[in-house]
Amino acid sequence: MVNYPQHTIPQTGDRMTVQDYFKLDYTIPNEKYEYQDGMIRLMSGGSGEHDQIAYNVRAALDLNFRSGPCFMRGSDMRVQVAENTYFYPDVMVSCDVADRRRGIKVIQSPRIVVEVLSPSTERVDRTAKLRAYQQCPSIQEIVLIDQFAPHVEVYRRDEEIETEWSRSVYEDGEEVALQSIDVFLTMDEIYHDIDFNEPLVEE
């Protein structure tokens, strides 16, 4: 396996084919890239709160998926949302048995995607990625979670007009409804072990 020196590592904005994008898994194994319309995006590390919130959502969903076809995966699982678009959402839910096959590396029929917002990624999450998620026919709900305050947004596909989306906002003390899988998550579950009163470390 080839290990490239730092100055040759592909960076956000570089363009390449889908075939070359998948080769990065082997040539640059220590980095993760998203791919959209021929351009790659190097993913950066998140905060402790980001990791905790994503874990909390996965744990809460896992309790609801002890039986039935639906299952969830974390940020190490690549999701295909279009022919030339691949993302790594923080949490993903699929109810397609084809996505559960042993050894699968790409989820092709996500039903719900969850992004924990970070200062470095929020603009992309709310624009290019949000639009791409909305164009994926299998996705029914898109969840955006604030890591600095108890605030969750859920974008839902209209059941009758599939190109139309609604937006629901949930604040402290409310339950977040994931209607496409009939699951409700409390804010306490989502933000477990997060103390918003503790001052942020300045770096």
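In the predicted model, strand 4 (residues 78-82) and strand 7 run parallel and are joined by two bridges. Within this pairing, valine 79 has isoleucine 107 of strand 7 as its bridge partner. Both strands belong to an open sheet of five strands, arranged in the order 2-1-5-4-7, in which the pairing is mixed. Because strand 2 (39-42) and strand 7 (106-107) each have a single partner strand, they stand at the edges of the sheet, and one side of each is left without a neighbour there.

Two helices pack on this sheet. Helix 1 (residues 18-27) touches strand 1 (33-36), strand 2, strand 4, strand 5 (85-87) and strand 7, and its direction makes about 170 degrees with that of strand 1. Helix 4 (residues 128-135) touches strand 1, strand 2, strand 4 and strand 5, with its direction at about 110 degrees to that of strand 5.

The largest nonpolar core comprises 29 residues, of which Leu61, Val93, Ile145, Val152, Leu178, Ile181 and Ile190 touch the most other members. At least two residues of this core come from each of several elements, including strand 6 (91-94), strand 8 (110-117), strand 9 (141-146), strand 10 (151-157) and helix 5 (187-190), while helix 2 gives the most, with five residues. When neighbours within four places in sequence are left aside, isoleucine 190 is in contact with Ile53, Asn56, Val57, Ile145, Val152, Val176 and Leu185.

How values were computed: Residues numbered from 1 in each chain as written. Predicted model: local features only at pLDDT ≥ 70, side-chain atom pairs only at ≥ 80, totals over all residues. Heavy atoms only, no water. Pairing = 2+ DSSP bridges. Helix = DSSP H or I, 4+ residues; strand = E, 2+ residues; numbered from the N terminus. Contact = heavy atoms within 4.5 Å. Axes fitted to C-alpha atoms, helices over the stretch in contact; angles between N-to-C directions. Core = buried A, V, L, I, M, F, W, Y, C linked by side-chain atoms within 4.5 Å. Buried < 20%, exposed > 50% of the residue type's maximum accessible area, 1.4 Å probe, protein only.
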